[in-house]
Structure formats: C-alpha cells, structure tokens
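Here is a friendly tour of one protein chain, with the thresholds spelled out along the way. Have the model open and follow along.

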Amino acid sequence: MTNSLYCHSLSILFYSFYEENYKEVTHIKVLHLKDLEDKCVYEFAEGRFNKEHWKESSIYVTFEDFSKLSPFIEEIMPEFNYYGPNTVSISQWNKLKEKILIKFRQEKLDNINLLDPFNEIDIWVEDCFKKHGHFSILGP
C-alpha cells in the first residue's frame, strides 16, 4: 500500500472515530523537522506554498493528530485539500479557533488536552501572521 493510500485510509478511519467519540480526543503533538520519524504528517508552513517542503521554520502534526482538527477545518474551509497545499487566512484561522472553543464550551470540555497543543499551534500561527498575513497547510 502506498504512503498516500495508507494516509487516506487512516483519514477515513480516524474521522469516523472522531465523530463518534468526540469526548475522547487526546493530546495533539506538535513536531519540528528534527523530530520527524515519519513523513505522513501535515506541515504548517509560513506564507504561501512556494513548492518547498520540509522547512526548519515549519511545524508538523501527525496524520492521526491532524484528524482531530479535521471537522473544524472542513466547516471553515470546505474546499480544504488534504493532499495539496492550502492557504489559511487570518479570518479563517480566527473562525477555526472560535469553532473549537465553542465546541469545548458546549461539551464542557474545558480541561481537554487538545487546547494546550492547539495553543502551541496558535502561537506559531500568530507569529506567522505578523510576517505574512497567512500560512499554508501542506498535506502528506
């Protein structure tokens, strides 16, 4: 099975699991290039995609962990391409953050572990917005 097909199969599996077990969301691990053991990750890259992958300045989220954010991303960015580059604007990012926080408040999941690593992603994104006004999410 190719890496791409394997990642797609995992996407379907984890998305289904996530929808049925929302309260069971676990920690999302934010990785850096030096930490990568596998290339089946999503890369958060500064600015618009310039055909360059695996940058030191990027942060990375495993395919499994990214699936925990997928329902929120799909709601804000229905055209999101899981295998291609996606440019995320400040407006889209702010809507995504709002949706996540609303969902946690509705579910009374204030102590859930998703928020701490999401905050780590948010700090990186906010710093990126100061330089570029947008960032890219690159699929595996």
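## A loop with two positive phi values

Let's start with Trp54, found in the loop between β2 and β3. Elements here are DSSP runs numbered from the N terminus, with helices (H or I) of at least four residues and strands (E) of at least two. Phi of Trp54 is near 60°, a positive value in a residue other than glycine. At 33% relative accessibility, Trp54 counts as partly exposed; the scale runs from buried (under 20% relative accessible area) through partly exposed to exposed (over 50%), with a 1.4 Å probe and protein chains only. The face of Trp54 has Lys39 lying over it, at 4.1 Å from the ring centre. For such a charge over a ring, NZ of Lys or CZ of Arg must be within 6 Å of the ring centre and within 35 degrees of the ring normal.

The loop between β2 and β3 also holds Lys51. Its phi is near 70°, again a positive value in a residue other than glycine. Lys51 counts as exposed, at 75% relative accessibility.

## How to read the numbers

This is a predicted model, in which local features need pLDDT of at least 70 and side-chain atom pairs count only at pLDDT 80 or more, while totals for chains, interfaces and linings use all residues. Residues are numbered from 1 along each chain as its sequence is written, and side-chain values use heavy atoms, leaving out hydrogens and water.

Ser58 is found in the loop between β2 and β3 (59–62). In contrast to exposed Lys51, Ser58 counts as buried, with 1% relative accessibility. Leaving aside residues up to four places away in sequence, Ser58 touches His32, Glu43, Phe44, Ala45 and Trp124, where contact means heavy atoms within 4.5 Å.

Cys40 belongs to the loop between β1 (30–31) and β2. Cys40 is buried at 5% relative accessibility. Its C-alpha atom is separated by 9.0 Å from that of Val61, 21 residues apart along the chain.

## Aromatic pairs

Rings of Phe, Tyr and Trp (its six-membered ring) pair if their centres lie within 6.5 Å; planes under 30 degrees apart count as stacked, over 60 as edge-to-face and the rest as tilted. By this rule there are 13 aromatic pairs. One of them joins Tyr42 and Tyr82 edge-to-face, at 6.4 Å centre to centre and 80° between the planes. The pair links distant parts of the chain, 40 residues apart: Tyr42 is in strand β2 (residues 41–46), and Tyr82 is in the loop between α3 (70–76) and β4 (85–89). Tyr42 is buried at 1% relative accessibility, and Tyr82 is buried with a relative accessible area of 14%.

Phe44 and Trp124 form another edge-to-face pair, at 6.5 Å centre to centre and 85° between the planes. Phe44 lies in strand β2 and Trp124 in helix α5 (residues 115–131), so this pair ties together parts that are 80 residues apart in sequence. Phe44 is buried, with a relative accessible area of 2%, and Trp124 is buried too, with 13%. Tyr42, Phe44, Tyr82 and Trp124 are among the members of one aromatic cluster, which also includes Phe63, Phe66, Phe80, Trp93, Phe129 and Phe135.

## The nonpolar core

A nonpolar core is a set of buried Ala, Val, Leu, Ile, Met, Phe, Trp, Tyr and Cys residues joined through side-chain atoms within 4.5 Å. Which residues touch the most other members of the largest nonpolar core? Among its 27 residues, they are Phe44, Phe66, Trp93, Ile121, Phe135 and Ile137. The elements giving two or more residues to this core are β2, β3, α2 (63–66), α3, α4 (90–106), α5 and β5 (134–138). The most comes from α5, with five residues.

Phe66 touches Tyr42, Phe44, Val61, Ile73, Phe80, Tyr82 and Ile137, not counting residues up to four places away in sequence.

## One cavity

Rolling a probe the size of a water molecule over the atoms shows where empty space is left. A cavity is a set of points, on a 1 Å grid over the protein atoms alone, where a 1.4 Å probe fits but cannot get out; lining residues have an atom within 4 Å of a point. Grid points are joined across faces, edges and corners, and a volume is the space filled by probe spheres set on the points.

A search of the whole structure finds one cavity of 30 Å³ or more. The largest cavity has a volume of about 60 Å³, and its lining consists of Ile73, Ile76, Met77, Val88, Gln92, Trp93, Leu96, Phe135 and Ile137. Two or more lining residues come from each of α3, α4 and β5, with α4 giving the largest share, three residues.

Definitions and conventions
1 Å grid on protein atoms, 1.4 Å probe; cavity = no way out; pocket = protein on both sides within 12 Å on 5 of 7 lines; lining within 4 Å.
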